[in-house]
Amino acid sequence: MLEADTVAIKPEDVKEDHDIYEEVPLAKMEWLEDEGLFAYDCPCGDLFTATKEELRNGQCVLVCPTCSLAVRVVEIDEQLLR
């Protein structure tokens, strides 16, 4: 089972040291049913991940646990969060 090590933070908590690497539409993230996570590949080989609950709560900035790059999840379709 995939470990959910990616850190999800709210946009207002993004600091200078977490510049956004990319804006990723939620529809481009892969839904991993067994883990209950949306995932997106990081250039370092790890994954950015978020649960539906994290995204519903506004945690749309994900930080890679390996290299500390950050992506912002955009175009969040409520239907994908059901």
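The structure holds 1 salt bridge, a term that here requires a side-chain nitrogen of Lys or Arg within 4 Å of a carboxyl oxygen of Asp or Glu. Glu 23 forms this contact with Arg 72, and their closest N and O atoms are 3.4 Å apart. Because Glu 23 belongs to strand 2 and Arg 72 to strand 7, the pair ties together parts that are 49 residues apart in sequence. Arg 72 itself counts as partly exposed at 24% relative accessibility, where buried means under 20% relative accessible area, exposed over 50%, and partly exposed in between (1.4 Å probe, protein chains only).

The model is a predicted one, in which local features need pLDDT of at least 70 and side-chain atom pairs count only at pLDDT 80 or more, whereas totals for chains, interfaces and linings use all residues. Residues are numbered from 1 along each chain as its sequence is written, and side-chain values use heavy atoms, with hydrogens and water left out.

**Strand 7 and its partners**

Helices (H or I, at least four residues) and strands (E, at least two) are DSSP runs, numbered from the N terminus, and two strands pair if DSSP finds at least two bridges between them. Strand 2 (residues 20-25) and strand 7 run parallel and are joined by 5 bridges, with Ile 20 having Ala 70 as its bridge partner in strand 7. Val 71 is in turn the bridge partner of Leu 62, in keeping with the antiparallel pairing of strand 6 (residues 61-63) and strand 7 over 3 bridges. Strand 7 (residues 70-74) has 4 of its 5 residues buried, so it is largely enclosed by the rest of the structure.

An open sheet of 3 strands has the order 3-4-5, with antiparallel pairing. Strand 3 (30-32) and strand 5 (47-50) stand at its edges with a single partner strand each, so one side of each is left without a neighbour in the sheet. From one strand to the next the twist averages 35 degrees, with axes taken as lines fitted to C-alpha atoms, for helices over the stretch in contact, and angles running from 0 to 180 degrees between N-to-C directions. Strand 3 is joined to strand 4 by 3 bridges, Leu 32 having Leu 37 as its partner, while 4 bridges join strand 4 (residues 37-41) to strand 5, where Asp 41 is partnered by Leu 47 and Phe 38 stands opposite Ala 50. Strand 4 has 4 of its 5 residues buried, so it is largely enclosed by the rest of the structure.

| Hairpin | Residues between the strands | Residue with positive phi |
|---|---|---|
| Strand 3 and strand 4 | 4 residues | Gly 36, about 70 degrees |
| Strand 4 and strand 5 | 5 residues | Gly 45, near 105 degrees |
| Strand 6 and strand 7 | 6 residues | Ser 68, about 70 degrees |

**Cysteines**

The structure holds 0 disulfides, a disulfide being a pair of cysteine sulfur atoms within 2.5 Å. Cys 42 is in no disulfide, and the nearest cysteine sulfur, that of Cys 67, is 3.5 Å away. Cys 42 counts as buried at 6% relative accessibility, and Cys 60 is likewise buried, with a relative accessible area of 12%.
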